Amino acid sequence: MAPGGRVSRQTTITGASTQASRLSDPSNSNNPTPNTDDSTRIRKGRGRTMRKGLEKMKKSIGRKMVIDIPVGKGRPVKAIPSAKLSNELGIIARNFLSLPNKWKELTRDDKDVALIRCHEKFEINWDEHYTKDRCEDILKNRSRQWRYKLKKLFESASPEEEARKIEVPELTPENWNRLCDMWANPEHKRRCEINKVNRTKLKSNHFMGSRAFVAARAEIGVKEHEGVEPNRIEFYKSTHTRVKKDGHLQRLRLTTTK
């Protein structure tokens, strides 16, 4: 890069980075030329999880973060451990686990190796079978989300032959082509269309974002109910409705396109 130049970065869905050098020419400072190359534009928004926050917390407290999953909860009830555990399992699902068409295709050894990587980052009691099973459930969910994002990448390319040429750094070519075979299957497409129709029947949605309901319910209990978790009706009102200026509750409705 020439002296005085600047570099803009863009992270793609697959994690690859693109760079574009832009010279700081004083003669062009008053009349900047707009960048029309989509491949070098900076895409705004939250980037991918890089573990930096978890590593800083480990250094701060002097030990690994303790993960406690009470029986019947399915996830940690504290917001930060819940989010960090989910993020770490997402990193493992993307980078250290073969992406199957179906979760049951993975062997027990594959799942155990992934969970061992998670144990390296947290203080987790694997002797508690409930804890281990729930971590595996979260790993399964993050693997499914990763497969969904890749499917969107597959559908964005046309024709199918071009989609198969896409290089996904986290996957082997064999793994990518196996997924492409599934997405191109007419029976798979038929089931997807049925699922889309079923999804439109959902009349309202929550506004909790990516936060786990278990952690959100515990937090609402601490802030609004003197430490007692709200019941299902109270929790639904807190996550699906908002109080209007006139004092009435407004239920959030989904906007669907036909």
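# Reading a Predicted Model: A Tutorial

Analyst: P159 lies in the loop between α4 and α5. Helices (DSSP H or I, at least four residues) and strands (DSSP E, at least two residues) are numbered from the N terminus. The model is predicted, with local features requiring pLDDT of at least 70 and side-chain atom pairs pLDDT 80 or more, while totals for chains, interfaces and linings use all residues. Residues are numbered from 1 along each chain as its sequence is written, and side-chain values use heavy atoms, without hydrogens and water.

User: Is the peptide bond from S158 to P159 cis or trans?

Analyst: Most peptide bonds are trans. The bond that joins S158 to P159, however, is cis, with omega near 0°.

User: What does the secondary structure of the chain come to, and what share of its residues count as buried?

Analyst: The chain has nine helices and six strands. Of its 258 residues, 29% count as buried; buried means under 20% relative accessible area, exposed over 50%, and partly exposed in between, with a 1.4 Å probe and protein chains only.

User: How should the length of helix α6 be read, and which of its residues are buried?

Analyst: The expected span of a helix is 1.5 Å times one less than its number of residues. For the 12 residues of α6 (173-184) this gives 16 Å, and the end C-alpha atoms are 16 Å apart, which agrees. Its buried residues are N175, W176, L179, C180, M182, W183 and A184. They pack against α4 (129-156), α5 (160-164) and α7 (186-199).

User: Where is R147, and which side chain of opposite charge is nearest?

Analyst: R147 is in helix α4. Lys and Arg count as positive, Asp and Glu as negative; His and the chain ends are not counted. A salt bridge is a side-chain nitrogen of Lys or Arg within 4 Å of a carboxyl oxygen of Asp or Glu. R147 is buried but has no salt bridge, since E105, the nearest side chain of opposite charge, is 7.7 Å away. Beyond its neighbours within four places in sequence, R147 is in contact (heavy atoms within 4.5 Å) with L99, P100, N101, L179, M182 and W183.

User: How many salt bridges does a search of the whole structure find?

Analyst: The search finds 17. One pairs D112 with K132, the closest N and O atoms being 3.7 Å apart. D112 lies in helix α3 and K132 in helix α4, so this pair ties together parts that are 20 residues apart in sequence. D112 is partly exposed at 23% relative accessibility, and K132 is partly exposed at 26%. Both belong to a network of salt bridges that links R108, K111, D112, K132 and E136.

User: Where do K223 and E219 lie, and what do their side chains form?

Analyst: Residues three or four places apart in an α-helix point the same way, because the helix has 3.6 residues a turn. K223 and E219 are both in helix α8, four residues apart, about one turn. Their side chains meet in a salt bridge of 2.8 Å, N to O. K223 is exposed, with a relative accessible area of 63%, whereas E219 is partly exposed at 25%.

User: How many disulfides does the structure hold?

Analyst: A disulfide is a covalent bond between the sulfur atoms of two cysteines; here the criterion is a pair of such atoms within 2.5 Å. The structure holds zero disulfides. C118 has C135 as its nearest cysteine sulfur, 5.3 Å away. C118 is buried, with a relative accessible area of 0%, and C180 is likewise buried at 0%.
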